[in-house]
Amino acid sequence: MKFTFLAPAVASAIVALGGPAAAQTEIKIGYALAPDSHYGVAAQKFEEVVLAETGDQFTFTHFPSSGLGGEREVIEGLQLGTVEATIVSSGTLANFAPDTGVFDIPFLFRDLAHARAVLDGPIGQEILAKFDDVGLHGLAWGEQGFRHITNNRNAIETPADVQGLKIRTMENPVHLTAFNAMGAAPTPMAWPEVVSSLQQGVIDGQENPLSVIVSVKLDEVQEYLTLSGHVYSPAMLLVSKPFWEGLDASQKAIFETAATQAVAAMRGFVDNVETTGVETLKERGMKVNAISAEEKAKFQEAIASAYEEYYETYGQELVESIVNFE
Ligand code: PAF
């Protein structure tokens, strides 16, 4: 009796509120950097476009600043279906889709335009598609810029200056091989541990693009910045495969458009910080030096043995086709 009495009352209350609400799907999006970084800007653009095009079908919850843990853990969350989306560096991507590692080879790309053309072209898109085989779906390549070395030991002018340097690298075998070949003492480490390890002197330095160095204020824990530009740092907008498969065709098309706009915003942010970042860091007190073309050639020579390994892993033909891509 009680039930039959209450039900019409509840029903009329719902009608008064404008009818039953359609279920909304929550998109949890995790990333390692702050909301005002290149990742934050891209994640906000992604949300903005999805919400504008789909009305109230989705809600977004952002977990910036490694709020869901290190990049590897977040990607594993995507595979399990407990996290829907992420923006990540290439740090651990090769653990999921090994071919991705080819883009981590030092001195591979001439400049940002070259890297963007390769990633958006057939080579980059073929590798992006490989994430579908491992419980993930790569929506688009983004980027962080070219990586530079920061440290507290000495300015780096020549390969001799990195000898024995305790440098944190991403958990990325391609980077590790290169720093070993240079004679440094690389320590692979997940990002959430890096700032405290620098503060405590567990490591002397790290390497990241200006976008990260500025956003994280690494100048507070690092004295020297060397504009080594030793490797390009791609990023990726990834979603969970179970989540992706639950979308219909029109929703997928909207997510693809949103991803394109998100990475355009990320690249725009990187373009800006690449021109303003050095000045900002000098103003904040960092000692900044560039590496001459002559010394850069010596760094390239120093990692010749690493290149032999890269050719074996990825094939010399693929590496050269990237280098020569116009
Ligand atoms: O150095 C790294 O691990 C990455 O570049 C970072 C800072 C987590 C951004 O993805």
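Me: So a cavity is a set of points on a 1 Å grid over the protein atoms alone where a 1.4 Å probe fits but cannot get out. How many of 30 Å³ or more are there in the whole structure?

Reply: Three cavities of 30 Å³ or more turn up, where a volume is the space filled by probe spheres set on grid points joined across faces, edges and corners. This is a predicted model, so local features need pLDDT of at least 70 and side-chain atom pairs pLDDT 80 or more, while totals for chains, interfaces and linings use all residues. Numbering runs from 1 along each chain as its sequence is written, and side-chain values use heavy atoms, without hydrogens and water.

Me: What's the largest cavity, then?

Reply: The largest cavity is the space taken by the ligand (more than half of a molecule's atoms must lie within 2 Å of the grid points). About 180 Å³ of space lies in there.

Me: Which residues lie nearest its centre?

Reply: Glu71, Ser89, Arg168, Met170 and Trp191, out of 19 in the lining (an atom within 4 Å of a point). Helix 3 (71-80) and strand 4 (136-151) each give at least two lining residues; these are DSSP runs, H or I of at least four residues for helices and E of at least two for strands, numbered from the N terminus.

Me: OK, the ligand itself. Which side chains put a polar atom by one of its oxygens?

Reply: Tyrosine 39 has a polar side-chain atom 2.7 Å from a ligand oxygen, glutamine 144 has one at 2.9 Å and arginine 147 has one at 3.0 Å. Taken alone the ligand exposes 290 Å², and the protein buries 99% of that (Shrake-Rupley, 1.4 Å probe).

Me: How does the shell around the ligand divide by class?

Reply: Five nonpolar, three polar and three charged. Among the surrounding residues are Ala32, Asn208 and Val212 (a heavy atom within 4 Å).

Me: Switching topic: how much space is in the largest pocket?

Reply: About 160 Å³; a pocket is an open set with protein on both sides within 12 Å along at least five of seven lines. Helix 10 (249-283) supplies the largest share of the lining, four residues. By class that lining has three nonpolar, five polar and three charged residues, including Asp36, Phe269 and Arg284.

Me: And the second largest cavity, what's its volume?

Reply: About 40 Å³. Phe107, Met182, His230 and Lys296 are among the lining residues, and strand 8 (224-240) and helix 11 (293-302) each supply at least two.

Notes
Polar contact = N/O pair within 3.5 Å; in protein donor to acceptor, adjacent residues only side chain to side chain. Nonpolar A, V, L, I, M, F, W, Y, C, P; charged D, E, K, R; others polar.
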